[in-house]
Amino acid sequence: MAYPDKNEMPDLSRRAFINGQTVAFEPNDTILEAARRAGIFIPTLCEFAALNHRPGTCRVCLVEVELPQGGREIVTSCETKIEPGMRIRTRTAEVRRRQKMQVELLMADHDENCSSCKRHGKCGLQDAALWTGADRLGLSGRYKPIRKLDMSAPAMRFDGGKCIRCLRCIEVCRQVQGVSALCLTGTGTKAEIGFTGAVNWGSSDRCIECGQCSLVCPTGAISVRDQGCDVFDMLDDDSITTVFQFAPALRVALSEEFGLPPGMDVQGKIVSALKRMGADYVMDTNWSADVTIMEEGTEMLANFERAKKAGTLHSKPFTYFTSCCPGWVNYVEKIAPDMIPHVSSTRSPQAIFGALAKTWLVEHAGIEKRDMR
């Protein structure tokens, strides 16, 4: 492999070579970070830059390193610090052979029912298999462990057969959310994601079901429970009156789904789409958000008045938090119960909307309450 002339290299203390390309790097950079900054792709499954998470468990980000002092070795690029003068190759025959074998081993230990997976088409393992040219038939079916399918949580599901033990979910739960509801249990081929202090997800006294773990899972092992089929069943039932509400943010967040520039107001398109699907009523959550604001404001003023009469308004200010987010309320009740007195007792706009729809709306529209969804 041809490398640049050493006489042409400026500032050797901060430069190395990747695939013959001179690459500048920052102090404490890993090979993967330097390559990524230079636009050189190295496949990886477990590394997650946003969380500074690089456990080296997937062994897919392999590269061949020729050290300045001599010798070559295959290393994981996510864990290995890049050094001045280091010569790195990412696509040698040996690197590709090992990457391919590692992905094949992951696939052999993986539930391959991809067609019904939440991550199908957006799966990190599928992408790695395509990149490395993995032979999915070579090892497929030889080892099929029985791992748990946990559907016990109201909003989340965990399919252990799709887990590749990248540990991203544990990291985001611990580092970003500060909850630590997820953990690693077992060893070797029996290692899998577990739930801290609980036998299953539904019995966890720490999980707040925020869904952050599902966002970072590369394979669909963790996903949000889909109730889309339940909605279509309701739309198909002529005896049911369906009422949809959508939040103000949705009218701009869904613009790309309609093939329009990000941020464009698509409120009319949302209403038209839902109506064409069979919705009877489509309303804006603003209707009940105004009620939430009035109720929270009234409650806050009442607390201030009580503190004022007690003479504690200035000596002990009363911090007040909204209760609009179920994940936030779960967090307070499970992780920070000392903050419960500081959270409004008012229900969320969504819950208030449901109550008003089944009282005020049924009365004014002449609908039977039992027939509304």
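A: A residue counts as buried under 20% relative accessible area, as exposed over 50% and as partly exposed in between (1.4 Å probe, protein chains only). This structure is a predicted model, in which local features need pLDDT of at least 70, side-chain atom pairs count only at pLDDT 80 or more, and totals for chains, interfaces and linings use all residues. Residues are numbered from 1 along each chain as its sequence is written, and side-chain values use heavy atoms, with hydrogens and water left out.

Q: Which residues of H12 are buried?
A: Helices (H or I, at least four residues) and strands (E, at least two) are DSSP runs, numbered from the N terminus. In H12, the buried residues are Pro349, Ile352, Phe353, Ala357, Leu361 and Val362. Their cover includes strand E11 (243-246), strand E12 (281-284) and helix H10 (286-310), where contact means heavy atoms within 4.5 Å.

Q: What span does helix H12 have between its end C-alpha atoms?
A: The expected span of a helix is 1.5 Å times one less than its number of residues. For 17 residues a straight helix would span 24 Å, whereas H12 (residues 349-365) spans only 21 Å between its end C-alpha atoms.

Q: Where does H12 bend?
A: The bend at a residue is the angle between axes fitted to the seven residues ending there and the seven starting there. H12 bends by about 40° at alanine 357, and Ala357 is also one of the buried residues of the helix. Just past the end of H12, glycine 366 has a positive phi of about 70°.

Q: Which residue follows H3, and what is its phi?
A: Glycine 133 follows H3, with a positive phi near 70°. Within H3 (residues 124-132), the buried residues are Gly124, Leu125, Gln126, Ala128, Ala129 and Thr132. Helix H2 is among the elements that cover them.

Q: In what order do the 5 strands of the open sheet stand?
A: Two strands pair if DSSP finds at least two bridges between them. Here the order is E2-E1-E5-E3-E4, and the pairing is mixed. Strand E2 (21-24) and strand E4 (72-76) each have a single partner strand, so one side of each lacks a neighbour in the sheet. From one strand to the next the twist averages 35°; angles run from 0 to 180 degrees between N-to-C directions, with axes fitted to C-alpha atoms, for helices over the stretch in contact.

Q: How many bridges join strand E1 to E2?
A: Strand E1 (residues 15-18) and E2 run antiparallel, joined by 4 bridges. Alanine 16 has valine 23 in E2 as its bridge partner, and phenylalanine 17 stands opposite threonine 22. In a regular strand, side chains alternate between the two faces of the sheet. The hairpin of E1 and E2 has 2 residues between the strands, and asparagine 19 takes a positive phi near 55° there.

Q: Which strands does helix H2 lie across?
A: Helix H2 (residues 93-108) lies across strand E3 (62-66), E4 and strand E5 (87-89), at about 155° to E3. Glutamate 94 belongs to H2 and counts as partly exposed, at 28% relative accessibility. Although 32 residues separate glutamate 94 from leucine 62 in sequence, their C-alpha atoms are 9.7 Å apart.

Q: Which residues have the most contacts inside the largest nonpolar core?
A: A nonpolar core is a set of buried Ala, Val, Leu, Ile, Met, Phe, Trp, Tyr and Cys residues joined through side-chain atoms within 4.5 Å. The largest has 23 residues, and Phe158, Cys169, Leu182, Ile193, Trp201, Cys213 and Ile222 have the most contacts inside it. E7, helix H5 (168-176), strand E9 (192-195) and helix H6 (212-216) each supply at least two residues of this core; H5 gives the largest share, 4 residues. Apart from it lies another core, of 19 residues, including Ile31, Leu32, Met86 and Ile88.

Q: What does phenylalanine 158 touch?
A: Not counting residues up to four places away in sequence, phenylalanine 158 touches Lys148, Leu149, Asp150, Cys163, Ile193, Phe195, Trp201, Ala221 and Ile222.

Q: Is lysine 162 buried or exposed?
A: Lysine 162 is buried, with a relative accessible area of 5%. Lysine 162 lies in the loop between E7 and H5. Leaving aside neighbours within four places in sequence, lysine 162 is in contact with His110, Asp111, Cys117, Thr219, Gly220 and Ala221.
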